[in-house]
Structures are given as structure tokens and as C-alpha cells.
Amino acid sequence: MSQELQKNSIFKVIGASSLGTLIEWYDFYIFGSLATIIGAQLFPADAGASALINTLAIFAAGFIVRPFGALVFGRLGDLIGRKYTFLLTLVLMGGSTFLIGLIPSYSSIGYAAPILVLILRLVQGLALGGEYGGAATYVAEHAPGNRRGFFTSWIQTTATGGLFLSLGVIVLTKNLMGASAFADWGWRIPFLLSILLVGVSIYIRLKMHESPMFTKLKTEGKVSKNPLKESFNNKANFKMVLLALFGATMGQGVIWYTGQFYAQSFIENTCKVDFNDSRYILLWGIAFATPFFVIFGSWSDKVGRKWIMLTGMLLGILFYRPIYQIFLDDTDFTKVTQQDIQSVSDAVVTRTPIEGKSDSLISTSATVTLLSGASYQKIQSHVKFEEKGKPVALQPDQFKDKKLSTMVFWKFVALIFFQILLVTMVYGPIAAFLVELFPTKIRYTSMSLPYHVGNGVFGGLVPFIATLIASFSGSTPLSGLWYPIGIASLSFIIGAVYLSNKKPVETEA
Amino acid sequence: MNGLKKGLGLLWMILGPASIIFMFLQAYEKVGLAAEGVQKTNTALQWGIILFIFIPISAGLVIFGYYALKGEYDQLPSGSEEPKG
């Protein structure tokens, strides 16, 4: 069976599967990475913070439907095979991403804009829900039983690789065309590019063969007639679905999305670090940490999956708050003294008359460069009352577009690297772990659901719920972290008590 | 260990409905605090999404707890192809 396959044949399978999955992740992530810009394009100009939250809601909607995609395409994959099912998901994903790039803005078509994006986002979520389980199952069913962790970990790298690719394309496009043109229309380019990438991947996938295990089942006439019923109506199988969700994927999902998404959102929106710097930090962190998916996946073949995943969760629970406190402290420029300042640019003063009055709003903006190499834009807002003559401060000084000193930049890279290292611990072995929980004939359906509830719902909602919690009155910028910490703690306890640390076996039972 | 699994099962059964009640109370409070108009609609929508998603998951936690209490997780299958049911 799978052991007889040549090593290069397995890597061909991995390469073809991974490329498509990587592109699907790319498609899915460009939306999240551009949430702020898309929010400004799709919602009324005066919507303010609600635009971002609503965009995150649309972003979250893409995650929420993932479990439904898992059910629809998982069922299809167990009925007609893995190959054609995840070919279909790729077409749906690529098509909807391309169309998002063509949607007119709110100023052109009003609320039809966010509604259309929401529909396409739902299609993306459904497609992704079907894709991952198929790719992981497909690779696992080609791999020898005692090397599943190693071989499926290559599929695991695609999620981070897709994020890396999306950030890279965004940063490159923005720098080539300038910030203003990018915010105006250039943000569409990463979406439109997707169609080329998907075309290449479809060509490669069409040349792939069906999984040997599924082919064997089909030959023997043992293909499931009703995978949904067999997966969820059978207590012995359903209890494993619940265990996989609460004891593994739920915690894994929040660790993943905190390290890769919330971290970037926090650095950019809460710490107000410059657009490019916040993305470069993540790009470096991902580049350094990605090889560890394979290292931990391979290691799990030797020591079992359970404790590697749970250690990743525990480290997240213990270290998230100290790490994010450092992000806040190192970007706090409110205590800068004159001795720290190297130069201050000429102030740009904007005077806006207040409607119906002779008073005016005065905004003064200047770029401050520090001796450490850091810089930031300082904005002071005042109201000038004509009868008083003296301006009155409207709100505390604001600091934005912060560029970090070299030392702090690399410190942030190290902290992001650590968070993504935790991602590799929880995520590297998870595909092999899930594949080994369920029998071949209902594997696609059974493993896809806990994976996508854990990652799509619990994980995908991290930026949305954490931002929401942090916006409550009385909360601090770190309050949002209680959501991933709480979920990871619950999952850690359930995993530690209920999961067994099965050692992988040489062949399929 | 099996005793602990069963004992915690009861805790999960309680945690499921407790989390739903907590979320409802939070939703009620936050929607009530939001200003009339777009902000109230947005807040209601956000909490609607959260409740819609987490109520079935909380129900799943109760079922998980019930199975744990009944000793369903005392002995886990050793392989993925082990006969089920």
C-alpha cells in the first residue's frame, strides 16, 4: 500500500496538495489582512470603528460557515472521493476571491457592496471548509502510518505560508503603487491575482490520482452510503468528534489565530505601529518559525501527538499577557522627553470651521524622530473659541504611524516568532492526530467538522471577539486576551485528562 | 483517572448552560448600553452572531460532559479502524 510508494511520489502528492491549499489560505487571508482598508471602502465614511468591527464580522462570517463547508464537502469527499472534491473547493475559492476584487465600493453601489462581499465571503468559507480536510486526508492516506505526522505537517505549513504570501503581496503592491492609490483601488490587485494562482493549481491537481485507501474502499464496495449519518449518528464516532473538538482543535484554533492574526491586529491597531513595520514583523516571525511545523510534526511520529499540542497551549496561556504587555510598553511614546528627541518635522496645521459657529477645530500634526531611531506622528487636536481666543485641547495627544527602533523591531520579531512557534506545536501534529481518530470511509466528514469548528469558529473569531471585549467600558487593551486564554485553558484541561497519547503505528489497522 | 474523567463530566454539563446564560446576560447589557440607531443595530448583530454560533457548541459541551459522566471516555479505541458502535 502506501509504504510501497516511492519517496518522490509522496512528495509529489504533498507538493500538489499543498500548493492548492496554500492558495486557498492566501485567498482567505488577504481579506483579513486588508480589513481596515476594505472597511473604509465598503461602509459609510462616518461609520468609524463600527466599520472595522463590521468588516471583522464579515471576516468572521467566512469562518463561521467553514463547519458547514466541512459537512457539505466532507460528505462529498467520502462519497465520490478526495480528488474531485477538493478540486471543486479550489474553483469556488478562486472564483469568489477574484469577484471580491471586482466589487464596486460603498460610494458607488451603497449597501449592495458589503452584502455582495458577505455572500462571496460565505462561499470562500464553505470552500475552505471542504478543502483542508480533503488535503490532509489525501496526504495522510498516501503516507506510511508511522510517518503521518511528518508528511501531513507539510500541509500544515500551507496555512502559515498562505498568510506569508498574502502579506508579501500586499506589502509589495502597496509599496509599488503608493499608500494612497493602494487604499483607493490597489487593494483589489491581491484579490484579482488569485485567479492566476488558482489556474496553475487546478492544472496540477487535475493530474493527481485518487487516494489509495479510498480507491481500495471503492473497489471493495465499502464506501459509506451516508457519511453524515455514520459520523454523527453513531455514538462511538460522535463522542470522538466531540473529544477532538473540545480536547484539541478548540485550543489549537485560538493559539493559532492569536499568534498569527490577533498579534498583527494588536500591533497595528492598538499599538499604532506603522502599516509596513507591523507586516514586516509578522513576515520575519513566520519565516523563522515555519520549519518547526515539520519538526514538531515529525517529532510527533516518535513521541505521540498529545503532549506536543498541549504544551503549545499551556505556553500560550502562561505567556500571552506578558508578551502583549511588552508590545504596549515598547510602543508607548507618551513619556518621551526632550533629551530623547532627535528632530521634529515642521507641523502641518489643519483648520476646520465648526458648522454654524465662528469657532474652529485645529489639528496639528508633526513627525517626531527619536535618538533611538524610532519615529512617530504626533497629532494634537484643539478647539479655538473665537470669544476666548485661546485654543482648548479636545483630546489627549495621539500617536500613530509608529516606526520602531531596530532593537525593538527585532524584539517584536522574536515575540511573534515565539507565538508562531506555539502555533507550530499545536498545529504541526493536528492533521495526523485527526486522521488517526476516524475510519477511512467517514474520515473526510468526521475530521473536517471538529477541525473547522475549532479553527473556524473558536480560532477565526479571536480578532473579532478580542477586539469586541477590548472595546467594553472599563476594559484594558489586554482584556481581549482573556478569550484565547480561557478557551485554551479549557481545551488544555480536557485534552490532558481525556486524550490518550497514541503512538503512531507502522501501517493502517 | 477514570473517576476524574467522570467528575469533570458533571462540570462540563454545568459549564454548557452557564456559558449560554452568561452570553445572554452580556448581550442584553451591551445591546442596552449601545446608543440608538446604527450602533445599536451593530451591537445587536454582533451579539446575535456570537449567540447563534456558541449555543450549539455549548450544547455539544453538555453532551460531551454526559458521555464523560457515563464513562464513555474511560477506554478510548486504539486505532482509527477499530469497529465502531
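## Ground rules

Helix axes here are lines fitted to C-alpha atoms over the stretch in contact, and angles run from 0 to 180 degrees between N-to-C directions. Helices themselves are DSSP runs (H or I, at least four residues; strands are E, at least two), numbered from the N terminus.

This is a predicted model, where local features need pLDDT of at least 70 and side-chain atom pairs count only at pLDDT 80 or more, while totals for chains, interfaces and linings use all residues. Residues are numbered from 1 along each chain as its sequence is written, with chains lettered from A and ligands numbered from 1 in the order in which they are written.

## α10 and its partners in chain A

Let's start with helix α5 (residues 82-100) and helix α10 (residues 188-206) of chain A, whose axes come within 7 Å and cross at roughly 165 degrees. The crossing is left-handed, meaning the near helix is turned anticlockwise from the far one by less than a right angle; clockwise would be right-handed. On the α5(A) side, the contact residues include L87(A), V91(A), G94(A) and F98(A), and on α10(A) they include F191(A), I195(A), V198(A) and R205(A). Contact is counted when C-beta atoms, placed from the backbone, lie within 7 Å. By class, there are 10 nonpolar, 4 polar and 1 charged residues. Here Ala, Val, Leu, Ile, Met, Phe, Trp, Tyr, Cys and Pro are nonpolar, Asp, Glu, Lys and Arg are charged, and the others, Gly among them, are polar.

α10(A) also packs against helix α8 (residues 148-177) of chain A: the axes come within 9 Å and cross at roughly 125 degrees. That angle makes α8(A) oblique to α10(A), and the crossing is right-handed. S166(A), V169(A), I170(A) and T173(A) of α8(A) meet I189(A), P190(A) and L193(A) of α10(A). The tally is 5 nonpolar, 2 polar and no charged.

## α15 against α17

Elsewhere in chain A, helix α15 (residues 291-303) packs on helix α17 (residues 406-427) at about 35 degrees, with the axes 8 Å apart. This crossing is right-handed. F292(A), F293(A) and F296(A) from α15(A) meet L421(A), T424(A), M425(A) and Y427(A) from α17(A), a set of 6 nonpolar, 1 polar and no charged residues.

## Two domains in chain A

In chain A, 10 residues of domain 1 are in contact with 8 residues of domain 2. The domain 1 side of that contact has 4 nonpolar, 3 polar and 3 charged residues.

## Chain B

UniProt (unreviewed entry) places the feature "transmembrane region" at residues 7-25 and 45-69 of chain B. Its positions are given in the numbering used here, feature names are shortened, and annotations may be inferred rather than shown by experiment. In the model, residues 7-25 of chain B are 100% helix and 0% strand, with end C-alpha atoms 28 Å apart. Residues 45-69 of chain B are likewise 100% helix and 0% strand, and the end C-alpha atoms there lie 36 Å apart.

Notes:
Angles under 35 degrees count as roughly parallel, over 145 as roughly antiparallel, 65 to 115 as roughly perpendicular and the rest as oblique.
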